[in-house]
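Biologist: Please show me the model. I have some questions about its chains.

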Amino acid sequence: MVSTTAPTVGRSVQEPVRRSVRDRYSRREVLTAVGFLIPALVILGTFVIYPIASGGFLSLTSWNGFGTAQKFVGLANYTRMFADHEFWNSLLVTAVYALGVSVLSVASGLVIALLLDAPLRGLSIYRGIYFLPVVTSSVAAAIVWRYMLDPSGVVNRLLTGVGLPTVDWLNQRWTALAALTLLTVWKNLGFNAILYLTALQALPVSLTEAAQLDGASLWQRTRWMTIPLLRPMTFFVVVQALITAFQSFDLVYVLTGGGPTGGTEVLGMLMYRYAFKLGEFGYGAAIAFATLALMLGVTLVQWKATGSGESDLA
Amino acid sequence: MSTTTARTRPARWGTAARHTLLIAGSATVIVPFVWMFLTSVKKRSEVFTRLWPSEWHWENYVHAWQAAPFERYYLNSIVMTVGIVVGHLVLDSLAAYAFARLRFPAKNPIFLLLLATMMVPQFVTIIPAFSLVVQLHWTDTYWALIVPRLADVFGIVLLRQYFSTIPKEIEEAARLDGCGRLRTFVQVVVPLSSASLATLAIFAMLFAWNDFLWPLLVTNGDEMRTIQIGLAAFQGRYATSWNYLMAGTLTSAIPTIVMFLIFQRALIRGVAGTGVKG
């Protein structure tokens, strides 16, 4: 697929200026490149690129996943989606979840990174601890949280211990979504902290030192210098958080299964239910493409809003 | 990570205050793991009633592993993980080398196309990829678990970036000695790139061991389930046997935690590297 389409005619003496493909590339090198690329491109072409195109077509059909009858229905799946209250519920759930995860990821990652950014005994131990949930599987993390959030679990025992009423966290719409949000942030905290720490250590020390000599307090330096300088990384962390939220599946599947009554049914769960539980592959594919469009749209808006990810002071 | 730069940086906060806050933060991270361990050795009657187990029931681990075919899940996960890690190391590095060093037509368009696929959520590809695997009669086989994930774009991007930094002269010397491209690659470039390859390997290992949705779709019976799918099914069946469930969960998490402790530097360097582009 990459090989040259060089004309077989020999080089003509009359046209020395327009150099052919054959001139610009050595045939040997091109063949070597093809050999190096083929294994990866065959895999990615078959299981990533072809499925994207095929999924786009699928979203225009009413295929049930079996047989060859892919009945073309035009945009019917998309119009159905806009009239489907389950889709709107899922969109609302995903939006609230994405917002919560973004804000809390930035806040928690930034605070931990600021605390870690200077020599300190046991720094690598802290870093290791904060990274533990990152390397733990979503299934394992969600099972432990389910256990802790059980009506008679440790969280409720702590609440009764200080005289508060117990909460059935995972069986009420908004508390279940809050639990899912906190679990997601908890799981990615170490990742976000390392990202911010890398950015912090790349900042010029001279700037904040000068401000310190001018009498700026720690809070003033952090608020008006460090945080604005970190803006490109904040953009990156927010985009990562949005991708996490829009792609979320494993944590939801194990923690709540999408319940109670759709209270945590993010777009990924909705797609899964329609495509793989109800066998509506066409409609599932349409939901997947809507997710992709939303993700790209939100990233673009965020990109414009933060001024192309440039920092103010740099 | 970078103690040399850190040493020159002034402390932002008082040391005692920083330790206090960091320990408080660490507690919220580590308490669930401690809780998981303590519960895994409790009697069932103490699961919700005691913080510290009155007796240590190590046999819970044996019971948990007998209640479901965990050895089989483990084996399947190991086979799948090894396959995916080796696939990423070989296929990604070959492709990355072509993008970094070789001249061929449509190089940039192909690379950009691959980059664009990184933005696409897996939900978009998963329905057609699944029906493809069904048509190939690959469900409930290692083929389905491994082949579709033998290569990935992240690894190609990561390695291409690194290969471009290797001075060309080093390779040219080898080529003058009569080495072909493949031999130059294997004998000169690969040994120079061990750190980047380690980063890719640890990322691939974590991805494969913890992956959930794809193995969930392409496996039906206990025979081919991976550890994550087996664990989720175990939870469905033994929802109230929290001590066994915690024992199973902890054993499922041990490989990634051990690998993390060994390859901590490579992993953290890799995470830091993903942000540099951002």
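This is a predicted model: local features need pLDDT of at least 70, side-chain atom pairs count only at pLDDT 80 or more; totals for chains, interfaces and linings use all residues.

Modeller: Residues are numbered from 1 along each chain as its sequence is written, chains are lettered from A and ligands numbered from 1 in the order written, and side-chain values use heavy atoms, without hydrogens and water.

Biologist: How many helices does chain A have?

Modeller: Helices (H or I, at least four residues) and strands (E, at least two) are DSSP runs, numbered from the N terminus. Chain A has 0 strands. Its helix count is 14.

Biologist: What percentage of chain A is buried?

Modeller: Buried means under 20% relative accessible area, with a 1.4 Å probe and protein chains only. Chain A has 314 residues. The buried share is 54%.

Biologist: And how many helices are in chain B?

Modeller: Chain B also lists 0 strands. Its helices number 15.

Biologist: Which share of the contacts in chain B between residues at least 6 apart joins residues at least 24 apart?

Modeller: Contact means heavy atoms within 4.5 Å. Separation is counted in sequence, from at least 6. For chain B, the share at least 24 apart is 73%.

Biologist: What percentage of chain B is buried?

Modeller: Chain B has 278 residues. Its buried share is 55%.

Methods
Buried means under 20% relative accessible area, exposed over 50%, partly exposed in between (1.4 Å probe, protein chains only).
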